[in-house]
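Subject: Structure handover

Hello,

Here is the structure for you to look at. Please open it next to this email and follow along. My notes come after it.

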Amino acid sequence: MIEQVVLQQQLLFMPDKIILTIAQGKLKGKQFVFDDRTICIVGRAKNCNIQIPDDKYHSTVSRYHCLLDINPPDIRIRDFGSRNGTKVNGKCIGRRKSHQTPSEGAKLNFAEYDLQDGDVIELGKTKFKVNVETVLIEAFILNGEKLPNKLLSAIKNQTDGNPNLIEDYTKIKDLGVGGFGEVYLARHNQTGKLVAIKTLLPQVAVKPYMKEMFIREVKNTRMLDHPNLVHLKDFCFSDDAFFLVMEYCNCGSVSDLIKVKKSKLTIEEATNIIFQVLDGLHYAHTKLGLVHRDIKPANIFLTIDDGRLIAKLGDYGLAKNFDLAGLSGQTMTGKAMGTPSFMSRKQVLNFKYAKPDIDVWAVAASLYFMLTLKYPRDLVGVESMLAILKTQPIPIQERDASLPYTLASLINLALQDDSQLNFQSAEDFKQALRQAVQDATHTTRNVINGQSF
C-alpha cells in the first residue's frame, strides 16, 4: 500500500508532455518530446529547433517555416508566411500568396492555431503527429476512485506562503494593471512601510505540480538580496490568486521617466542607470544562477535614497516563472516569454536553456532605446519572431549620428545577434561600457579644448 501511495504521489507531480512524431517523410519515426514551456522554430535553417533536411526532397519547406508555442498540455502553431504553407489535418493555416516575395511574406501575421491530441501537421512532404500525454493521476481521479489519505494530506499541506499576508496590509491606490493581474500600493498595518502588492491571477485550473513549481521559483527569487534588485518581501496563494509583496520604488520605471521628460535620456543618465542594473544582474547570475529573460525599460525601477537615484531591476523572473508553471494559460507567443523588442535571436531559439548572456543583450538593447527612443530592430508591421530570426539590429549611429563613436561601437558589438553573443557576463559588459564612456568623455573634452588627435 505504501509503495502504491508513493507511485501515485509521483504521478501527481509529473507535468504533461507534448510528443511530436514524424509520421511521413525521410525522418519517419523520429520523435521530439517537450515537457515544459518552450518556443520551437521549425524549418530548414541550421539553427531551427526542429531542423528539416536542407535538400531537394524538402525544398518546399522554408528556412524558417513555422513556430510552435508549447506549454504542455497546450500547443499552438503559426505559419511564418511560408511559400507553400503549413497544414493542420489537411487544412492550410497560413501561406503567402504566389506573387509575394519572402520579404512580403515576413510582414504577414497569421493567427496562432491551437493543436489537439492526434492532430497532424504537414510541412511539404513531412508530416508530424501530435500527441498530448497527460499525467496518469488525472485519469485515476476521473475514474471515481478515492485518493489515499496520505496523498490528500500531502497535497493539502503544501506551503502557500504567509496565510495572513492580505490582512497585514491596507490598500492605498492602484499602480497599474497587467496581463496577469494588477499592482497596487499598500501600507503595512504595523510598520507603516509602503509596498507594492502584485496579484497574479491563474488563467487555468491550478494543478498541484504547477503551483508547487511556481512557489519554488518564488522562493528562489525571494533569496535575491541586492540594492539594485527589487526585493520580494512576501507571498501567498489565497482565493485562487498569488499575492506578491514587492519593495515599492517611488519614482516609477525608466519608461515612466522617459514619458515625464518627453525625450531620450542623456548618456550620463542612461549609463548611470545601466551600470546599476548590471550590478544587480551580476549578483543574480553569479550567486543564484537566475536569468531574468524580460529586461526592458519598463522593468527597471527608480527610487531616491539619500538624494541619489537608485535603479532596481524588477519582476525578476516572476512573469516568466508564472508562465513556465503553466498558470497563465497558453498566451500569444512573445508576450510571456519576453518582450520581442528586447529579445535576442538566441533567446528565441534557446528559450528553455536561456543563459546570462541573453540578459546582457537585453540590457544593451535597453540602453539603445534609452539613448535613441528607438528599438534595435524595426518590428512594426512585420512578424516579430521571424524578424528576430532573419535580421540584425540596426547600427545605433543610424538612429543618432551624434553619439560618441566608442560608445556607439560598443553598443553595436553587444547587440550583434549571432549564435554566440559577444558579452557572456554582466561584469564584462559593465567594464567595457565604463571604458567606452571614459573614452567618449575624454574625446569630448579634447574637442572642447580645441586639441587635435
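This is a predicted model: local features need pLDDT of at least 70, side-chain atom pairs count only at pLDDT 80 or more; totals for chains, interfaces and linings use all residues.

Which strands pair with S14? One partner is strand S13, residues 182–188. S13 and S14 run antiparallel and share 5 bridges. S13 and S14 form a hairpin with 5 residues between the strands. Look for glycine 192 in this hairpin: its phi is positive, near 80 degrees.

Strand S16, residues 241–247, is also joined to S14. Here there are 6 bridges, and the sense is again antiparallel. Valine 195 has glutamate 247 of S16 as its bridge partner.

Strands of a sheet pair through backbone hydrogen bonds, and the pairing is either parallel or antiparallel.

Now move on to the loop between S14 and helix H5, which spans 208–222. Leucine 201 sits in this loop. Is leucine 201 buried, exposed or partly exposed? Its relative accessibility is 38%, so leucine 201 counts as partly exposed. Buried would need a value under 20%, and exposed a value over 50%. Leucine 201 and glycine 181 are 20 residues apart along the chain, yet their C-alpha atoms are separated by 5.6 Å.

**The open sheet**

Next, find the open sheet of 6 strands. Its order is S2-S1-S11-S10-S7-S8, and the pairing is antiparallel. Which strands lie at the edges? They are S2 (31–34) and S8 (91–94), and each pairs on one side only. From one strand to the next, the twist averages 25 degrees.

Start at the S2 end. Strand S1, residues 17–24, is joined to S2 by 4 bridges, and the two run antiparallel. Threonine 21 has glutamine 31 in S2 as its bridge partner.

**Cysteines**

How many disulfides does the structure hold? The count is 0. Two cysteines are still worth a look. Cysteine 92 has a relative accessibility of 30%, so it counts as partly exposed. Cysteine 236 has a relative accessible area of 2%, so it is buried.

Best wishes

Methods. Residues are numbered from 1 along each chain as its sequence is written. Side-chain values use heavy atoms; hydrogens and water are left out. A disulfide is a pair of cysteine sulfur atoms within 2.5 Å. Buried means under 20% relative accessible area, exposed over 50%, partly exposed in between (1.4 Å probe, protein chains only). Two strands pair if DSSP finds at least two bridges between them. Axes are lines fitted to C-alpha atoms, for helices over the stretch in contact, and angles run from 0 to 180 degrees between N-to-C directions.
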